[in-house]
Amino acid sequence: MTYIHTPRLYFGLLFLILSFQRCCSAASLSVQCKIINYEYVECIWLPNTSTMNYTFSSAFANDSSHDCPEYVLEHNYTVGCRIPLKNTAHKFKKFETTVFTEGNRTITVFDSLQRNVQLNAPNNLSVTWNEHKSTLLLQWDSSIKKCVVYMVCNQKDPSQSLNVTETSYSLSQVSQNKHYVFQVRSSVAENCGPSDLWSDWSASVEWGSAESRQGWWQGLYGILFVSLLFLLGLFLCYCERKRIIFLPVVPDPSKNLQDLFCKHDGNVESWVHISRELKEAFEPDYTEPSCDVCEVTPSCDAGPTPVASPASQTDKCDEPSTAEEQSS
């Protein structure tokens, strides 16, 4: 009976899968090369999402092969190479590249890189207005001066894009009420071996009614600001009225007290303005005779004192007693 060691089987299958993936990735590897602004050749191999580092070498026809002098890195892995271009005429020569990776080799041959030349984007784009001729003069700079064609585009009307061979362009019959946004890109001219690649678009430059619209927007912002202040004032007044309703202001009593002592000399009746009829209503309208009452002190020797009538008590109070006269 034959026994199969399970861990060894799994390890062998894993090794075969990894080897198959590497072989497939090497077999499906493709290289794309282009000349950048006649300064260097840039080659990128696809797919460039691998986790393996590649070794690159290249050569023009009748030249010896050279290893890559400058690799293009992505996530610390080599995805391309840049080779200095010593002679612009080399774009018409055959170009051969070789990519190595762990025993696998991919060779790519280009008949020429003539149609794979990409120039840098024009720079320093500017617009000048000629008021007498009602024309716009568009100017820019380019690092390549010869054998270059430029495409001028107005973003507001892309259908009017056109090609020029100079680093300037004059646009006539321009309306100041129209907004213009210009951009320029470049490529190799037809008479110098045309290229299928255009440069990136230059930075845009604007001219036209954008300035008037900017002033209009500034005026609108001012109106909105004043309106906002007005609404804020109304809101504060509304809040103040609500505050007075729910939290009324306590009156200051000092003014009334000052009138009491300064103007009315402390006379409360005059201060509160009591009418004569009300004042007379509180005054009594009847008379009552007064009666003096005195206390009779009983004598020790005398017998029980008969109860005197009120009239006799009153008479006795008015006249002095006999005992008082004798003692005197």
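Does Arg82 count as buried, exposed or partly exposed, and what is the relative accessibility of Arg82? In this predicted model, Arg82 counts as partly exposed, at 26% relative accessibility, and the side chain of Arg82 takes part in a network of salt bridges that also includes Glu42 and Glu70. The briefing below begins with the chain as a whole and then turns to charged pairs and aromatic rings.

**The chain as a whole**

- The secondary structure of the protein chain amounts to seven helices and 16 strands.
- The protein chain has 328 residues, of which 26% count as buried.

**Salt bridges around Arg82**

- Three salt bridges are found when the whole structure is searched, and Glu42, Glu70 and Arg82 are linked by such bridges into a network.
- Arg82 and Glu42 meet through their side chains in a salt bridge with an N to O distance of 3.2 Å; because Arg82 belongs to strand 6 (residues 77-84) and Glu42 to strand 2 (residues 40-46), the pair ties together parts that are 40 residues apart in sequence.
- Glu42 has a relative accessible area of 14% and is therefore buried, the cut-off for that class being under 20%, whereas Arg82, at 26%, counts as partly exposed.
- Arg82 also meets Glu70 in a salt bridge between their side chains, here with an N to O distance of 3.6 Å, and this pair links distant parts of the chain, with Glu70 in strand 5 (residues 70-74) and Arg82 in strand 6, 12 residues apart.
- Glu70, with a relative accessible area of 43%, is partly exposed.

**The salt bridge between two loops**

- The side chains of Arg115 and Asp196 form a salt bridge, at 2.9 Å from N to O; Arg115 lies in the loop between strand 8 (104-110) and strand 9 (117-118), and Asp196 in the loop between strand 15 (179-188) and strand 16 (205-208), so this pair ties together parts that are 81 residues apart in sequence.
- Arg115 counts as partly exposed at 39% relative accessibility, and Asp196 is partly exposed as well, with a relative accessible area of 49%.

**Aromatic pairs**

- Eight aromatic pairs are found in a search of the whole structure, and one of the pairs, formed by Phe60 and Phe95, is tilted, with 4.7 Å from centre to centre and 45° between the planes.
- That pair links distant parts of the chain, given that Phe60 sits in strand 3 (residues 55-60) and Phe95 in strand 7 (residues 95-101), 35 residues apart.
- Phe60 has a relative accessible area of 10% and is buried, and Phe95 likewise counts as buried, at 1% relative accessibility.
- Elsewhere in the search for rings, Trp129, Tyr180, Phe182 and Trp207 are joined into a cluster by ring pairs.

Methods:
Residues are numbered from 1 along each chain as its sequence is written. This is a predicted model: local features need pLDDT of at least 70, side-chain atom pairs count only at pLDDT 80 or more; totals for chains, interfaces and linings use all residues. Side-chain values use heavy atoms; hydrogens and water are left out. Rings of Phe, Tyr and Trp (its six-membered ring) pair if their centres lie within 6.5 Å; planes under 30 degrees apart count as stacked, over 60 as edge-to-face and the rest as tilted. Helices (H or I, at least four residues) and strands (E, at least two) are DSSP runs, numbered from the N terminus. Buried means under 20% relative accessible area, exposed over 50%, partly exposed in between (1.4 Å probe, protein chains only). A salt bridge is a side-chain nitrogen of Lys or Arg within 4 Å of a carboxyl oxygen of Asp or Glu.
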